[in-house]
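Hi everyone, thanks for coming. I have one structure to walk you through today, so let me put it up on the screen.

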Amino acid sequence: MTTALLTGTPSTFFKGSPLIQCITNEITCESMANALLYVNSKPIMADDIREFPELFKQIDGVLLNLGQFSVAREEQISQASHYAKEHGKPTVIDSVGVSVSPLRRKLVIELLKNEPEVVKGNTSELRHLVGLASLGRGVDGHESDQEKEALLELGKALGQLQKKYPKTTFLATGKVDLIVVEGSLILLENGVPELDQLTGTGDVVGAIIASLLAQGETIQDSTVGAVSYFNRCGERAKEKCEEPIGLESFKYHLYNELSTLYQRNDWWTSIKGVRYES
Ligand SMILES: Nc1ncnc2c1ncn2[C@@H]1O[C@H](COP(=O)(O)OP(=O)(O)O)[C@@H](O)[C@H]1O
Ligand SMILES: Cc1ncsc1CCOP(=O)(O)O
Ligand SMILES: [Mg+2]
C-alpha cells in the first residue's frame, strides 16, 4: 500500500532544513511557526512586499494562506505568488474561508495561473472553489460535504479543474483526505476527529507540505507525506490522552508528536490510503 502512496524514500523526509516563507493569518501563525521548527524547518513570516525581491532569492518554499483577508494581504499574496514563480520556489495555496466572499475565490483562481504546486483547503472549501454546493461555515468544513458521494463528486470536479491547471495538485482535507495528482485520485484515512476541533490543523498541514516540497520531495510524496505524518501524530496523541479527552491535552501531545515521530524510521508504515490510477 505505502509503495503506491509514497514513491520516494520516507526516511529522508524532514531531514533537510528548508527556509519557508509563510504569509498567513494571525490566529494560527505561532502554531505554524512552531510546527515548522518541530519538523526541522525554518519558518519566516515576512509580509512587507518591499523585501520580496531579496527575500525570495533566499527562501526554499512558500505557503500562502488566505485565512485573514484584507486589501494588504491580497496584495502580499499576489506579489509572493509572482516572486515564487519567478524564482521557481515551490508554493502551497491554502484557500481558507474561500466561501466567505467572492474576493477569496477570485484570488485563488488568479493564483492558479502561476502554477502553484498545491492548492488545498478543507473539503467544504474545495467544494466551493469548484462551484459545488458547500455547507462549510466560515473557515470550518461540514461533515455532510465529507460523505462518500460528496467526496467522489468533488474528486471528479477537481479532476476537471486539473485539466486546466495540470501542474497543480489539489488536496481536500477532512475525515478522509482527497488528493488529485496528475489525473489520479488518492484517498487517505489516518487521523482522529479531535483534529477538526483545534484551530490551525489545516494550516499546519499546508506548511508541512511546503516544507517537504522545499526539501525536493515530489508533489505526491509531499502531500501524502505531510497529511499522513500529521494525522499519525494525531492518532498517537489521542492514545496518550485520558478519556474524556481534554483538547488542550490533545494539543500538547499532538505538537510533541510532531517534533518526535519523524525521528522514528517506521512512522510511514501505518499510512492508510489508496491510489486510483486515472
Ligand atoms: N474527522 C476527522 N477524522 C480524522 N482526521 C481529520 C478529521 N477532520 C480533520 N482531520 C484531519 O485534520 C487535518 C486538518 O483538516 P481539516 O480540519 O479538514 O482542515 P481545516 O483545519 O483547514 O478545516 C487534516 O490532516 C485532516 O486529515
Ligand atoms: C479561525 C480563523 N479565522 C481566520 S483564519 C482562522 C484559522 C483557520 O485555521 P484552519 O484553516 O487550520 O482551520
Ligand atoms: Mg483550513
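Let's begin with the shell around ligand 1, whose residues divide into six nonpolar, eight polar and four charged. In all, 18 residues surround ligand 1, and the closest are Asn-122, Thr-173, Gly-191, Leu-195 and Gly-202. If you want helices to look at, α8 (201–214) and α9 (219–239) each supply at least two residues of that shell. Please keep in mind that this is a predicted model.

Now over to ligand 2. Here 13 residues form the surroundings, with Asn-25, Gly-67, Val-139, Gly-202 and Asp-203 the closest. By class, that shell has three nonpolar residues, nine polar ones and one charged.

Most residues other than glycine have a negative phi, and most peptide bonds are trans. So where do we find a cis peptide bond? It joins Glu-243 and Pro-244, with omega about -10°. Pro-244 sits in the loop between α9 and α10 (247–260).

Then there is Phe-14, which is not a glycine and yet has a positive phi, near 65°. You will find Phe-14 in the loop between α1 (2–5) and β1 (19–23). Is Phe-14 buried or exposed? Phe-14 counts as buried, because there are 25 C-beta neighbours inside 10 Å.

Glu-115 is another non-glycine residue with a positive phi, this time about 55°. Its place is the loop between α5 (102–112) and β5 (118–122). Glu-115 has 14 other C-beta atoms within 10 Å, so Glu-115 is partly exposed.

That's my tour, and I'm happy to take questions.

Technical notes. Residues numbered from 1 in each chain as written. Chains lettered and ligands numbered in written order. Predicted model: local features only at pLDDT ≥ 70, side-chain atom pairs only at ≥ 80, totals over all residues. Near = placed C-beta within 6 Å. Nonpolar A, V, L, I, M, F, W, Y, C, P; charged D, E, K, R; others polar. Helix = DSSP H or I, 4+ residues; strand = E, 2+ residues; numbered from the N terminus. Buried ≥ 20, exposed ≤ 12 C-beta atoms within 10 Å, placed from the backbone.
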